[in-house]
Amino acid sequence: MQKKGQIFAKILQKKYKDLNFIDKGSFGSVWSATNLKLQRKEAVKVITYEFADEKEQKTLEQQMQKEILNQSKTHKNIVSIYDYDFYDTMESNYLIISMELC
C-alpha cells in the first residue's frame, strides 16, 4: 500500500512540475508549482476531506464553481482561484485547488 503523501504527489505530478512544499495547516498542505499546460507558477492547496454524503460534495463543487466565476472582485487580500479537482482514492479523498501564487 502506498503512503498518503505518495498518492497525492502522483496526482500533482500529472498537472504540475517543480513542486515545492510551502506549508501545512489544519486543512491541508500548500505547494508552489508550475502548471504544465499554462507554464505558470501557481499555489496548489491539497485538502483531505470526507463528506457525509454526495449532497455535501455537490454543494462544495457548486461553491467552487461560483468562486471561480466570481473572479471580477479583486482585492490585495483575496487570491484568484484558477481551478480545482476532486480525487477519490482508496486511502483518502482530496480536493486540490490551484490559485494565484502571492
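Predicted model: local features only at pLDDT ≥ 70, side-chain atom pairs only at ≥ 80, totals over all residues.
Strands β3 (40-49) and β5 (93-99) run antiparallel and are joined by seven bridges. Strands here are DSSP runs of E of at least two residues, helices are runs of H or I of at least four residues, and both are numbered from the N terminus. Two strands count as paired if DSSP finds at least two bridges between them.

Residues are numbered from 1 along each chain as its sequence is written, and side-chain values use heavy atoms, with hydrogens and water left out.

β5 also pairs with β4 (81-88), again in the antiparallel sense and over seven bridges. These two strands form a hairpin with four residues between them. Asp83 stands opposite Ser98 of β5. Six of the seven residues of β5 are buried, so this strand is largely enclosed by the rest of the structure. Buried means under 20% relative accessible area, exposed means over 50%, and partly exposed lies in between, with a 1.4 Å probe and protein chains only.

The core comes next. A nonpolar core is a set of buried Ala, Val, Leu, Ile, Met, Phe, Trp, Tyr and Cys residues joined through side-chain atoms within 4.5 Å. The largest one has 10 residues: Ala43, Ile47, Tyr49, Met64, Ile81, Tyr84, Phe86, Leu95, Ile97 and Met99. The elements that give two or more residues to this core are β3, β4 and β5. A second, separate core has nine residues, including Tyr16, Trp31, Ala33 and Val44. In soluble globular proteins, nonpolar side chains tend to be buried together.

Tyr84, a member of the largest core, touches Glu61, Met64, Gln65, Ile68, Leu95, Ile96 and Ile97, leaving aside residues up to four places away in sequence. A contact means heavy atoms within 4.5 Å.

Rings of Phe, Tyr and Trp (its six-membered ring) pair if their centres lie within 6.5 Å; planes under 30 degrees apart count as stacked, over 60 as edge-to-face and the rest as tilted. The count by this rule comes to two aromatic pairs, given in the table.

| Pair | Centre to centre | Angle between planes | Class |
|---|---|---|---|
| Phe21 and Trp31 | 5.4 Å | 80 degrees | edge-to-face |
| Tyr84 and Phe86 | 5.9 Å | 85 degrees | edge-to-face |

Phe21 is partly exposed at a relative accessible area of 48%, whereas Trp31 counts as buried at 18%. In the other pair, both Tyr84 and Phe86 are buried.

One ring also has a charge over it: the charged end of Arg40 sits over the ring of Tyr82, 3.7 Å from the ring centre. This arrangement requires NZ of Lys or CZ of Arg within 6 Å of the ring centre and within 35 degrees of the ring normal.

Lys15 lies in the loop between α1 (4-13) and β1 (16-24). Its relative accessible area is 22%, so Lys15 is partly exposed. Lys15 touches Thr34, Asn35, Leu36, Asp83, Asp85 and Tyr87, not counting residues up to four places away in sequence. With Asp85 there is a polar contact between the two side chains (2.7 Å). A polar contact is a pair of N or O atoms within 3.5 Å; within protein, one must be able to donate a hydrogen and the other to accept it, and residues adjacent in sequence count only if both atoms are side-chain atoms. Lys15 and Lys37 are 22 residues apart in sequence, and their C-alpha atoms are 7.5 Å apart in space.

Asn70 is in the loop between α2 (54-69) and β4 and is partly exposed at 30% relative accessible area. Its C-alpha atom is separated by 9.6 Å from that of Ile81, 11 residues apart along the chain.

Asp18, in strand β1, has a phi of about 55 degrees and is partly exposed at 46% relative accessibility. Gln39, in the loop between β2 and β3, has a phi near 50 degrees and is partly exposed, with a relative accessible area of 48%.
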